[in-house]
Amino acid sequence: SSSSSSSSSSSSSSRPRRQRANFAPHVVQPLKRWLYEHRHNPYPTDAEKHVLGQQSGLQLSQLNQWFTNARRRYLHGNEQQLLK
């Protein structure tokens, strides 16, 4: 008998998931540029986040999440994707 039961199909029907939208290219470009230029230490300071937030129009929480995802996505052999 299986000790773990999955109820993900029933919980997903009770509340539909929001469709995820990508940020517009003009929003992401300065973030990608910063990440590429700092790929050996890809952790912006609070001051850098403030500037990047003004450039991109993103809130601090959105910036933090974008950098978390981008480090995972781009900095494991996919650095060239940052130049696109």
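Buried residues make up 26% of the 84 residues in the protein, where buried stands for under 20% relative accessible area, exposed for over 50% and partly exposed for anything in between, with a 1.4 Å probe and protein chains only. The model is predicted, so local features need pLDDT of at least 70 and side-chain atom pairs count only at pLDDT 80 or more, while totals for chains, interfaces and linings use all residues. Residues are numbered from 1 along each chain as its sequence is written, and side-chain values use heavy atoms, with hydrogens and water left out.

As for the fold, there are four helices and zero strands, running α-α-α-α along the sequence. Here helices (H or I, at least four residues) and strands (E, at least two) are DSSP runs, numbered from the N terminus. Contacts, meaning heavy atoms within 4.5 Å, were also sorted by separation: among those between residues at least 6 apart in sequence, 62% join residues at least 24 apart.

Inside, the largest nonpolar core has 14 residues, and L31, L35, L52, L63, W66, F67 and Y74 touch the most other members. Both α2 (25-37) and α4 (60-74) supply at least two residues each to this core. A nonpolar core is a set of buried Ala, Val, Leu, Ile, Met, Phe, Trp, Tyr and Cys residues joined through side-chain atoms within 4.5 Å. Setting aside neighbours within four places in sequence, L52 is in contact with P30, L31, W34, P44, G57, L63 and F67.

Helix α2 has V27, V28, P30, L31, K32, W34 and L35 as its buried residues, and their cover includes α3 and α4. The length of α2 works out too: its 13 residues should span 18 Å at 1.5 Å a residue, and the end C-alpha atoms are 18 Å apart, which agrees. The expected span is 1.5 Å times one less than the number of residues.

S56 sits in helix α3 (residues 46-56) and counts as buried because its relative accessibility is 10%. Its side chain reaches the backbone oxygen of L52 at 2.8 Å and the backbone nitrogen of L58 at 3.2 Å. Not counting residues up to four places away in sequence, S56 also touches V27, L31 and L63.

Conventions
A polar contact is a pair of N or O atoms within 3.5 Å; within protein, one must be able to donate a hydrogen and the other to accept it, and residues adjacent in sequence count only if both atoms are side-chain atoms.
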